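I opened this notebook to record what I looked up in the structure, beginning with the overall layout and ending with the core.

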Amino acid sequence: DLLGGRPRREAVEGAFAFALDRDKAKNASGLAAAFIDVAKFFDSIPRNTAWLLLIYMGMDLHLIRYMRTVYSHIARHLKLNGTFGAVIIQSRGFVQCCTFSIIVANAVMMVWRNYLCHMIPTMTLRTYIDDRSFWH
């Protein structure tokens, strides 16, 4: 499931669901769990792969073209002692607070989730952006 959250309280619903499953388990020692927060998640998503994934998932092509245009023009500036340095063109990954990056992150996480659910159908899985919780 894709979950919502608040700052410093992400995936609360996932932790609650895990606690319920743990309490229901007849043999709690047989319950295994993992909670993963992926470092540099947004920076590690290849853009071309993301665009193809969104096309495969059926996203409107006009929106994908717009997203590609926006991301092809993202520039950053470093400021040191009140002076701005040269423009740095971001060539990979996604901006973490961008609405489009949340769409891409959810698409990537759904691929990961669907793969694991296919391989281990009895596994419970929860995700919130780049935070992953799963147990079996």
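What pattern does the chain follow when read along the sequence? Working from a predicted model, I read it as α-β-α-α-β-β-β-β-α-β-β, and I counted 4 helices and 7 strands in the chain.

Confidence came next. I noted that the chain averages a pLDDT of 78, with 68% of the residues scoring at least 70. Among the elements, I found the lowest mean pLDDT, 62, in helix H1 (residues 12-24), and the highest, 94, in H2. I also marked residues 6-10, where the pLDDT is below 50 and where the model shows 3 contacts beyond near neighbours in sequence.

I then turned to burial and surface. Of the 136 residues in the chain, 32% are buried, and the accessible surface comes to about 9,300 Å², of which carbon and sulfur atoms hold 60%. For contacts with a separation of 6 or more, I recorded that 57% join residues 24 or more positions apart.

Which residues have the most contacts inside the largest nonpolar core? I listed Trp 51, Leu 54, Met 67, Tyr 71, Phe 94 and Val 104, in a core of 19 residues. Helices H2 (47-56), H3 (61-72) and H4 (99-119) each supply at least two residues of this core, and the largest share, 5 residues, comes from H4.

Lastly I followed Phe 94 and, setting aside its neighbours within four places in sequence, found it in contact with Trp 51, Tyr 71 and Val 104, as well as with Phe 42, Asp 43, Ile 45, Arg 47, Ala 50 and Ser 101.

Notes: Residues numbered from 1 in each chain as written. Predicted model: local features only at pLDDT ≥ 70, side-chain atom pairs only at ≥ 80, totals over all residues. Heavy atoms only, no water. Core = buried A, V, L, I, M, F, W, Y, C linked by side-chain atoms within 4.5 Å. Buried < 20%, exposed > 50% of the residue type's maximum accessible area, 1.4 Å probe, protein only. Contact = heavy atoms within 4.5 Å. pLDDT = per-residue confidence, 0-100. Areas by Shrake-Rupley, 256 points an atom, 1.4 Å probe, with all protein chains shown as cover.
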